[in-house]
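Me: I am new to this structure and would like to know what lies behind the labels given to its parts. Please show it first.

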Amino acid sequence: MPPRRRGSSGFRGVRVRPSGRFYAEIRAGGFRLTLGTYNTPELAARAYDAAAWRFRRPRRDMNFPDVELLEEAEFLAPAPCLVDDEDRRRHRHVQRRISIAAHDEQLMRQWRAQFPNDVDNTDAFFADLRAQRRSNRRHRRAVAEFELENPNTTWAENDPRWDDIWTETTSDDE
């Protein structure tokens with residue numbers, strides 16, 4: 001039987017994930033043993049080699065045949081990523097939130113398709129609200145400028161309404 005081809009990562013037992021990380025696995029006795037996901041293909045290949053040493057594979061099956069001993073292969077391999085109950089709980093929580101968000105987006109698409117007038121009314125409501133806020137800022141600024149020019153102002157020197165002189169009246173923020 002010819003030797004297995006090396007994948008796109010360039011190493012035996014290492015595959016590239018869609019996220020750009022590298023997944024290492026080894027096959028033994030009809031089973032596939034997952035070795036973990038790593039940031040570089042070299043780390044994943046080192047993990048593969050350490051497992052290959054443990055399974056007493058021949059050197060030609062190694063990614064780094066210059067490694068002489070099992071201890072050296074294990075020393076060069078990255079520490080395994082252990083998944084505990086807290087990791088599983090956090091993963092379930094994140095997946096549940098993602099599922100809820102996806103369901104909400106689907107419902108919003110259905111609502112927009114079913115009630116396009118409501119979408120238009122919502123857009124008009126917020127446009128009107130922005131216009132009211134802009135008008136309110138203009139009024140506050142005009143009052144503050146009037147008080148500044150009025151020698152008989154009733155505003156105290158530290159009155160916060162003086163800050164309205166510097167209010168921006170053209171932006172839509174707030």
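Reply: What follows takes a few labels in turn and sets each value against its cut-off.

Me: What kind of model is this, and how many helices and strands are there in the chain?

Reply: The model is predicted. The chain has four helices and three strands, and from the N terminus the order is β-β-β-α-α-α-α. Of the 174 residues in the chain, 24% are buried.

Me: Which residues in α4 are buried?

Reply: R134, R137, A144 and E147 are buried in α4, a helix that covers residues 116-149.

Me: Why is E147 said to have no salt bridge?

Reply: A salt bridge needs a side-chain nitrogen of Lys or Arg within 4 Å of a carboxyl oxygen of Asp or Glu. For E147 the nearest side chain of opposite charge is R161, at 7.2 Å.

Me: What is E147 in contact with, leaving aside its neighbours within four places in sequence?

Reply: E147 is in contact with T153, T154, W155 and W162.

Me: How many aromatic pairs does the structure hold, and what makes F125 and F126 one of them?

Reply: The structure holds three aromatic pairs. The ring centres of F125 and F126 are 5.1 Å apart, and the limit is 6.5 Å, so they pair. Their planes stand at 75°, which is over 60, so the pair is edge-to-face.

Me: What kind of pair do W155 and W162 form?

Reply: W155 and W162 also form an edge-to-face aromatic pair, with 5.0 Å from centre to centre and 75° between the planes.

Me: How do you know that the charge of R17 sits over the ring of Y23?

Reply: The charged end of R17 is 4.1 Å from the ring centre of Y23, and the distance limit is 6 Å. R46 lies over the face of F64 at 3.8 Å from the ring centre.

Me: What makes the phi of R56 worth a remark, and is R56 buried or exposed?

Reply: Most residues other than glycine have a negative phi. The phi of R56 is near 60°, a positive value, and R56 is not a glycine. R56 lies in the loop between α1 (41-54) and α2 (70-76). Its relative accessibility is 76%, and the cut-off for exposed is over 50%, so R56 is exposed.

Me: Where does R12 lie, and why does R12 count as buried?

Reply: R12 lies in the segment before β1 (14-16). Its relative accessibility is 11%, which is under 20%, so R12 is buried. The C-alpha atoms of R12 and N63 are separated by 6.2 Å, while the two residues are 51 apart along the chain.

Definitions and conventions:
Residues are numbered from 1 along each chain as its sequence is written. This is a predicted model: local features need pLDDT of at least 70, side-chain atom pairs count only at pLDDT 80 or more; totals for chains, interfaces and linings use all residues. Side-chain values use heavy atoms; hydrogens and water are left out. Helices (H or I, at least four residues) and strands (E, at least two) are DSSP runs, numbered from the N terminus. Buried means under 20% relative accessible area, exposed over 50%, partly exposed in between (1.4 Å probe, protein chains only). Lys and Arg count as positive and Asp and Glu as negative; His and the chain ends are not counted. Contact means heavy atoms within 4.5 Å. Rings of Phe, Tyr and Trp (its six-membered ring) pair if their centres lie within 6.5 Å; planes under 30 degrees apart count as stacked, over 60 as edge-to-face and the rest as tilted. A charge sits over a ring if NZ of Lys or CZ of Arg is within 6 Å of the ring centre and within 35 degrees of the ring normal.
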